[in-house]
Amino acid sequence: MGKEIDVRNQMPGGNSKSNIKEFIARHHSGTTGGDVFAFLRHWIHVLRWFTGGYHYVILPNGDYQRCYDDNVITNGVGNHNTRTIHICLVGNGKFTAAQEATWNKLVKELKKKHNIPVSRVLGHNEFAGHRSNFCPGINMNMVRNILEGIKATIAPSATKEYPKLQRMLQLDSPFMRGKDVEEIQKAVGAKQDGVYGPKTEELVIAFQQQEGLAADGIVGPLTWEAINEGRTLKTVPSKSAQSTPATGRWATIQSTLNSRYNTGLAVDNTPGPLTKRGIVRGVQSELNSQTNARLTVDGIVGPKTRAAFINVRSGSRGNLTWLLQAALLFNGFDPGVVDGVNGTNTQSALKRFQRAHGLTPDGIAGAQTWSVLLR
Ligand SMILES: [Zn+2]
């Protein structure tokens, strides 16, 4: 392991503390170089945080900066910081052997010290609500297997023992398939065909709600943990059970999606993954009718849909603009009234969204912007 560089007395903030640490998060810096002092400029001056993002920063040569005591609450993963120790590897999806060696040694020490199981060593984008993040730029199942001493390469005859940690399952294009999907389907009472389709996802979401997990339809480490404990979905939700439809901004969007695109959403005024899928279905329908794109209206953004996106510019009006507004709102960038008119407020929300995601803030929703909005 590289040597420790103690920079704790040079870090700002660090006043909020929690002695219970249950997760270790892996990050990458998204840069090819730099160290905690370079990142600090961004955290403090741009993001206006009082405390930095990581407890440890592992440099390309394998040395690491110790930035905060483990009990400090830092700003690594929104909504998941209190009980998480954050470790960042400097790099952008590419890391040196020296860094990996330090990572393994450091994580093993922290796991032991705080009694954290390997299933709770997560990548940034494995935390609920952070799926769209590219961080940590590495396959975490491989990372965890290496931590467990399971070789990353293994003879085919031994593959049965290999997937000790299950892969992440989600509705994808093409659909994910396998024995692990069947296992999930069994737990949530879906037809056990080994194909992770929309119906399976719907039941997974209900299961996640029942278990108090983030209801995102993605079977990540925490959902697997619940399933491995033998938990099953008790009551299958029924759409007709809702007697009085909810009201509100999202309820209006949901019922409009239902009437325009036949999306069959529960009008609960709560935007979740199914509502987002409804928005995607709307976009696919509009692309089909406006540009004859011949997309399957499945609510999944695959390569064909990505290739079919068209530019929506300032001043545009209509259903696609309305869907753009709904997508912005879903992503937390409020376009004002969702009315299908691309005016000042929509432009402002769109540019803020683009800036926040490293896109050119030109106020034009093009292929790239659509892809990020709907992922
Ligand atoms: Zn991160």
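Mentor: Let us begin with the largest nonpolar core, which has 51 residues, of which Ile184, Leu323, Ala327 and Leu328 touch the most other members. This is a predicted model, in which local features need pLDDT of at least 70 and side-chain atom pairs count only at pLDDT 80 or more, while totals for chains, interfaces and linings use all residues. Residues are numbered from 1 along each chain as its sequence is written.

Trainee: What makes a set of residues a nonpolar core?

Mentor: Its members are buried Ala, Val, Leu, Ile, Met, Phe, Trp, Tyr and Cys residues joined through C-beta atoms within 7 Å. A residue is buried if 20 or more other C-beta atoms lie within 10 Å of its own, with C-beta atoms placed from the backbone. Among the elements that give two or more residues to this core are α4 (179–188), α5 and α10 (319–330); helices here are DSSP runs (H or I, at least four residues), numbered from the N terminus. The most, 7 residues, come from α10.

Trainee: Why is this core said to lie between domain 2 and domain 3?

Mentor: Domain 2 (166–228) and domain 3 (242–373) both give residues to this core, so it lies between them. The domain bounds come from an automatic or database domain assignment.

Trainee: How do you know that the length of helix α5 agrees with its 13 residues?

Mentor: The expected span is 1.5 Å times one less than the number of residues. For α5 (residues 198–210) that gives 18 Å, and its end C-alpha atoms are 18 Å apart, so the two agree. Buried residues of α5 include Leu203, Val204 and Phe207.

Terms used
A residue is buried if 20 or more other C-beta atoms lie within 10 Å of its own, exposed if 12 or fewer, and partly exposed in between; C-beta atoms are placed from the backbone.
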